[in-house]
Amino acid sequence: MKFLLYTGAALLGLASCQKSFLDVPVQGQATTATDPNLATNLVTGVYNSLLNGEAFGGSGGDTHGPSFIAATSIISDDADKGSTQGDQPAMGDIDNFSLTPTNNFVAALWDGYYSGISRSNQALAALQTASIDAKTKNQLSGEVRFIRAYYYFNLVRFFGKVPKVVRVPKDAQDANTDPNFQTRAPVDTIYKVITDDLQFAINSLDLRSASQTGHINKGTAQTLLAKVYLYQKKWKEAYDLTQTVISSGQYSLVPDYSTLWRQVGNNSAESIFEIQSGQFNNSDMGISGYSMWQGPRVGGKGGWTDLGFGFCTPTPDLVAAYEPGDVRKAATIIFIDNSGKYTGTRLFDGFRIPSADSVQNLYYNYKAYHSENPQVESYLGNRGQKQKNVKILRYAEVLLIHAEAANELGQTATAIADLNQVRTRAKLAATTAAGQADVRNAIWKERRVELAMEHDRFFDLVRTGRAAQVMKAAGKNFVAGKNELLPVPSLQIALSGNRLDQNNGY
Amino acid sequence: MNQMYPLTRSVSRKLSLLLLLTLLFHLAQAADITVTGIVRDASSGDPAIGVTVKVKGTSTGTITGTDGRFSLRAPDNGTLVFSSIGYESVEVPVNGQTSLTVSIKPSAQELAQVVVVGYGTQRKVDVTGATVTIKGEDLFKQPVMTATQAMQGKVAGVQIISSGQPGSSPVIRVRGTGTALAGTAALFVVDGVLTDDIANINTADIVNVDVLKDASATAIYGSRGANGVVIITTKKGAAGKMSINYTVNAGVRSAANLVKMANAAEYANYVSAASGNLVQPGTVSTDWYGQILRQGFQQNHNLSISGGSEKGTYFLSLGYLTDQGIVIDNQYKRLTLRSNNEYKLSEKLKAGVTASYSNGDNQIANLGSAYNNAYRAAPIIPAKVGGRYGNTSVYQNVGNAVLDIENNNNNVKDNRLQGAAYLEYKPVTWLTFRSSMGADWINTNGRVYNYKFENDTVTFLSPGGNQRNPNSNLSFKNEKTLHWTWDNTVTFNRTFGRHTITALAGTTAEQFTYTWFTAFRKDVPAAPNLWYIGTGNANTSTNDGNGDKWSRNSYIGRLNYNYDDTYLLTATLRADGSSRFPKNNRWGYFPSVGVGWVISNENFLKGQNLFQTLKLRASWGRVGNDRIPSDAFTVTVTPNLAYPFGGGIATPGSAVTQIKDPNLKWETTEETDFAVEFSALKGRLTGEIGYYNKKASDLLINVKVPSVSGDGDGVVLTNAASIRNQGLEVMLNWRGKITEDLSYRIGGNLTLNKNSVIGLNGGQPILDGGIGAAQQYTTRTDNGQPVGSFYVLKVLGVFQTDDEVAAYKNAQGTVIQPSASAGSFKYQDTNGDGKIDDNDRVFAGAYQPKAYFGVNGGITYKSFDLSFDIYGNVGNQVYNGKKAFRQAVTDNVERSMAYGRWTPGSGIQNEPAANAGNLPASTYYLESGSFVRLNNVTLGYALPETVLKRLGISTIRVFATLQNIYTNKKYSGFTSELPGDPTKSGIELNAYPTTKTIAFGLNLGF
């Protein structure tokens, strides 16, 4: 009987403590409710998305990794796919415009940018309710909205019409039913999102000198908005904004062009928007794959430890585009010794690349090179995420936007003066161009060599309507009216229940 | 009851006294002699195992061993009683004989055997659900590691898919794929302890395995019942003489099937044609698979000691198993110890402990990249010469597969304690209280060391390439799991006239905790005695860790009603509360009801001789599945998404990268089951034929969401789909005797199953089975199709000429494949839009077989015994994913592709011209998964008694066994038995090749 009683008591005891017994909080993961610094952490998480480079379906996708390199540089007449013939044929498809909607690099870009936009939306939602002071909140919102605008600007240039996603879906059902998530918004609508976000950022951010290094500041937002206006041919607005940036006194050209893309040139006086790198968890932290994919690759007789996969190799056409004496040529391109004298190529950190018979390609991107000698540049051995800062916007481009806008507004002399500032730094004589049309061409030409391998060329050709002509001249299989844009990834179309429409010709 | 208690105590005291007096009387009267002998099954002539042998009127006794033999001390004028479940008892007077041969007859109702049904036992005849019992000895005779694998082909409705990897646990699928989530594993209950994996259980220790298949049988396990329940009962000692048993088997394993790759000349020919550049075959021709595969040695030793007295019994066992596996550098070792004890504390109170310890040591071969690279690597590169490796990566950007395996040392050791202690109290004969506390504690230590090597001539025959590791590194992973269960039940069992009622009520509580951490450093020296974190470069330290915890609380009830052994009713109800669901959906209720009609006990069938037993049964039940991650409904923040503002040490950040469904609810499966069971022709023919209809709804599946949703991995867990499995199961067994010395048995089972998704509940079809290269997905789980159906382009043939390419147009006259040329595949333009893309994909079959079957049989002739079993399945498709690895022109090809390739004028339609790979997902990669294989053949010989007597040993049996020795399959890859998650199964990517084994063994009993 006693046993019965004890058992009964035990059962009852279990029943009564059952409520707490089943309330087991999730282990090892903070929730949005339990993280005390949620909003500020989420803002850093938005910046973190700038470093994503998962090109093969990995979580987070690719914002500035191999897919970005392929869709901005390799696709253009500045660079070829490079590497070996058989490696990454899908990248070759981008190079030759034989790409299809199943291309994994294109899919990774879509994933990467929308992943980043979603992080921005999350952070903005958290900032609304965060208990931090209004000024900080305003500033952090400005930084996040800048990044969201930047992502949409890249998306609209890659894909044209894209879904307009400016809020966090409640759950999967919400994401799968709201037409905004399922259909593409017109290009104008997307540009409206971009300009609104940038205008907000300009109003809420401080000048560079009052901001922390690496953070988005007022000048960053003004420069990007000016560039957006350039794409919209809003010359007056572009001119005014670049004028503001120039007059702000926050920026100047660095004297030595070759330092721009080295560690010594990180966050220099010329830097406006620069993706940061550093260390985390006792390892290197930077854009996934950026340097490794573009590193010089062993070939032929081999016999040396190469630096990477050898993709995105400068074309002979780019090599020929530099005027004699232009210092930017040697700062942009690694020339592999093909003289037959076997002298090899000595890089700035002393590293010697053997001559052509041991190397896969003849040209490599110097701007993506990061020294593996820790005495020269920071390096902890993580090739996949080398500490390479990637410059997205810099002062030289502000001058070139200013020049182009001025020229279109009929202020040819102003345009020439801007242009010559850039040329002088490159150790070139003043431009000989005169007259609006000539100056326009000179500015476009200058953009190519000044910003070579800086992810601008293809967009610039499409913007200025020269893509078809230039690509065909470069021997590429470019179809006008089709290849200005990338195809919408087929998986995303399938997931939308075919409500996402495809770009023309794909 | 208060009155009854002292009464029974006084009665029992008197009884004990009486017993003692009787014993003393016997000791004074008679001389004990040793009696040995063998017990045989009267119908088959097989040795009868586990038969209790007792000296009548005493508690002295023993049980027969695996050879049917026994030995005990008995008075020379005594009587021995032989009894066993399912057999009629036999009494044999000793009459001074020291050697006896005894035949025992199966009882008229073979179905009267007792089966384990979860929180109790039932007579088989009373069971109204679908359950099957397999004897441990039938499993143990196979040279495989787990009982699960040994069950393959033995039970209708239970599909077991196993890889050849040492130390791995097979996938078990009861009555088709009933869920789309990762939690598809059946529940294992080992002596009352709930677990997901039985890799720690020594098959030699198992008495019986009971498989509960339908929802009415598994409903007592509620939310764990949806995928079937496998109940394992381990051995106990029997009162009587100590018995010692030793069994060993040892043998060699090798790959059951190999894929023939092109040799150097064939490769050179193919690649020259594909690339247009002449490739020279050179002087070497490497068989890369041959380089990484080998014959492996395996052995298994088991020693057990058991016995006991009236006060208690014991069973102790020691098992040691090693399996080298068939991949170089691979080895698995397992040591198991078991101690099962039972104590009779008083007439009313019983206590017991079942405890097992296992120690696994798994030296893992890095098959992931090696397998892929062995497929792709050019045969013109040598594998390894004089300790230096052929440099494949400098030639073709593919790693050297041998180096992939040899450049690291990956070892996982686990220690596992599993057991239960119980107390059982019977205040009166018809009432039993039982409290059982079980625990499963696992501690796993993984260690991976990656050697430093450069792409120089120290490591390679020629320098360069991408395969190198400039810094050695060492990582550790420690995992600890504790899962405890506490069951409290009360069972009532009484007969009133023709009515028998058994009722059970109880509660259970469970908690699971899991923690892990990792540590990592670089620059650890290569000597194994220095493989500790402290020897590495502290500047490179990283670590990580996390954990999991969930709990479950349940109430259970069961009622069995039997009227005159003819009309049966079973009803169960379980209420489960789980911490894995949000508060509003936390409790699930899982009822079941079953009825049975034993027609053979009806008067109108009395007097007929055809059927000894004939029973109809029908049941319905509802079960659930809560095997989802504990964080599935809570939105959590992913930490450590840092950003290095201004360089230097990065600032930590975070993001919400996973969308969650805040209203997750229980996944429920409802199943109806009808069956007829019979035993006919004097018990020689037994069988069971059943039909089931199982509908799973509110299935938790990971639904893909568009990238615009911002979900990091693109999938969200939600209650979206419904799946139906309908099927027919047939099991038939025949046993017969030709002469006194020659008997035989033959049995078979067949399962027909139809799986289909019957609703997506507004969700998206699931696209899965991505392979990489150009094949982002290969399966689609959609309405009306089986789960994980292949969804690919349809190959219509090969363009024979460029004119055919130009002539292949849609209705509007658009050339469909303008970039194709003669020798390219011609794909079906399903939607007729004039181009080939994902919209042209078609459903092309699924990995789930339409039918699977087993055949088993045996012959016993005098002291020889021979048994065999066959297993197979038909009607499924498998995807040759490794063929899709081929993504560069320099990659190797299969020999059949080298010879079967299209050439102008060949007319070949099923293989394209030499190409660079990277082809889209299509029917080209799909092949029939049908196969039949000879799973096991065992020949044994037991030494005759006359010899044994001289040696003073009770058993010596030698045997030879062949496992998986012959396969007839259509598939061209290694194996068509491919485990995998429900929405991406049946794809051969880097599967460990299945093995065949030849082993010899010895069994000694004392």
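**Close-up views of a predicted two-chain model**

View 1. B:Ile859 stands opposite B:Leu866 in strand 43 of chain B. The model is predicted: local features need pLDDT of at least 70, side-chain atom pairs count only at pLDDT 80 or more, and totals for chains, interfaces and linings use all residues. Residues are numbered from 1 along each chain as its sequence is written, and chains are lettered from A and ligands numbered from 1 in the order in which they are written. Helices (H or I, at least four residues) and strands (E, at least two) are DSSP runs numbered from the N terminus, and two strands pair if DSSP finds at least two bridges between them. Strand 42 and strand 43 (residues 864–874) of chain B pair in the antiparallel sense over 11 bridges. The hairpin of these strands has 2 residues between them, and B:Lys862 takes a positive phi near 50° there. Strand 35 (residues 742–759) of chain B also runs antiparallel to strand 42, joined to it by 11 bridges; B:Arg745 has B:Gly858 as its bridge partner.

**View 2. The two faces of strand 42 of chain B.** In a regular strand the side chains alternate between the two faces of the sheet. Within residues 851–861, B:Tyr852, B:Gly854, B:Asn856, B:Gly858 and B:Thr860 point to one face and are buried. A residue is buried if 20 or more other C-beta atoms, placed from the backbone, lie within 10 Å of its own, exposed if 12 or fewer, and partly exposed in between.

**View 3. Nonpolar cores.** A nonpolar core is a set of buried Ala, Val, Leu, Ile, Met, Phe, Trp, Tyr and Cys residues joined through C-beta atoms within 7 Å. The largest has 301 residues, and those with the most contacts inside it are A:Ala71, A:Phe105, A:Leu198, A:Leu224, B:Ile232 and B:Ile292. Apart from it lies another core of 18 residues, among them B:Val55 and B:Leu72.

**View 4. Positive phi in two loops.** A:Lys233, which is not a glycine, has a positive phi of about 55°. A:Lys233 is placed in the loop between helix 11 (218–231) and helix 12 (235–247) of chain A, and is exposed, with 11 other C-beta atoms within 10 Å. B:Asn918 has a positive phi near 60° and lies in the loop between helix 11 (895–900) and strand 45 (926–928) of chain B. B:Asn918 is partly exposed, with 19 other C-beta atoms within 10 Å.
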